[in-house]
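Visitor: Please show me the model, and let us then go through some of its features by question and answer.

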Amino acid sequence: ARIGEITLVLSNIVKHVHAFEPNPESYRILQSFIKKRNNVTTYDFGVGDKNGLEWLNQIEDDPISLAVSFKKIQGKNYSSAKNKVKMIKIDDMDFNLKPTVLVIDCEGFELEVLKGAKETLKNITKVAVETHVLSDNTSTLDSVSSYLNDTFDISVKHDPDDNPWIVGKNKILKNDN
């Protein structure tokens with residue numbers, strides 16, 4: 001969720017938003033932004049394909065937005081300081097209101113988040129996932145597309161100023177929410 005820019009937008013158009021932010025500094029700002037939103041639940045940990053602790057990298061050249069990542073992104077400079085933060089699989093969450101739409105913007109950790117949401121994805125009607133090129137020059141675009149392709153009709157949206165997004169609608173569920 002970072003500091004909550006997209007969280008605020010989403011809270012205006014959906015019933016409820018579950019926002020995850022593992023960076024303690026960003027989480028504090030997120031909390032202040034959503035203070036008056038009754039339809040947002042925030043979590044001060046990351047999501048991935050396992051439960052436990054994971055190293056979180058601080059991106060040095062993006063201090064205003066407090067950007068962090070579990071993997072290193074190509075073209076970004078990272079601080080030498082790392083923090084270990086809590087991580088949980090989305091499938092292990094006990095949501096009062098089950099998610100039907102999943103938006104993932106997690107700086108290269110997309111596939112891990114999806115793998116940790118394998119069961120949850122069965123009830124997701126729509127998905128949007130930002131993909132990235134990692135510091136080892138591999139892209140998450142193909143692996144995320146491949147992972148989602150069996151369940152979702154997907155397309156790739158290219159923005160010349162940003163990373164490609166994969167958007168999709170569940171092939172099985174007929175819900176248009």
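Visitor: Which residues on the other side of H4 are exposed?

Guide: This is a predicted model in which local features need pLDDT of at least 70, side-chain atom pairs count only at pLDDT 80 or more, and totals for chains, interfaces and linings use all residues. Residues are numbered from 1 along each chain as its sequence is written, and side-chain values use heavy atoms, with hydrogens and water left out. Exposed means over 50% relative accessible area, buried under 20%, and partly exposed in between (1.4 Å probe, protein chains only). On that side of H4, the exposed residues are Asp142 and Ser146.

Visitor: Within what arc do the buried residues of H4 fall?

Guide: Leu141, Val144, Ser145 and Leu148 are buried in H4. They line one face of the helix, because, seen down its axis, the directions to their C-beta atoms fall within an arc of 100°.

Visitor: Against which elements do the buried residues of H4 pack?

Guide: Helices (H or I, at least four residues) and strands (E, at least two) are DSSP runs, numbered from the N terminus. Contact means heavy atoms within 4.5 Å. The partners of these buried residues are H3, S8, strand S9 (152–157) and strand S10 (165–170).

Visitor: Which residue's side chain does a polar contact of 3.4 Å join to that of His132?

Guide: His132 lies in the loop between strand S8 (126–130) and helix H4 (141–149), and is buried, with a relative accessible area of 2%. A polar contact is a pair of N or O atoms within 3.5 Å; within protein, one must be able to donate a hydrogen and the other to accept it, and residues adjacent in sequence count only if both atoms are side-chain atoms. The partner is Glu107.
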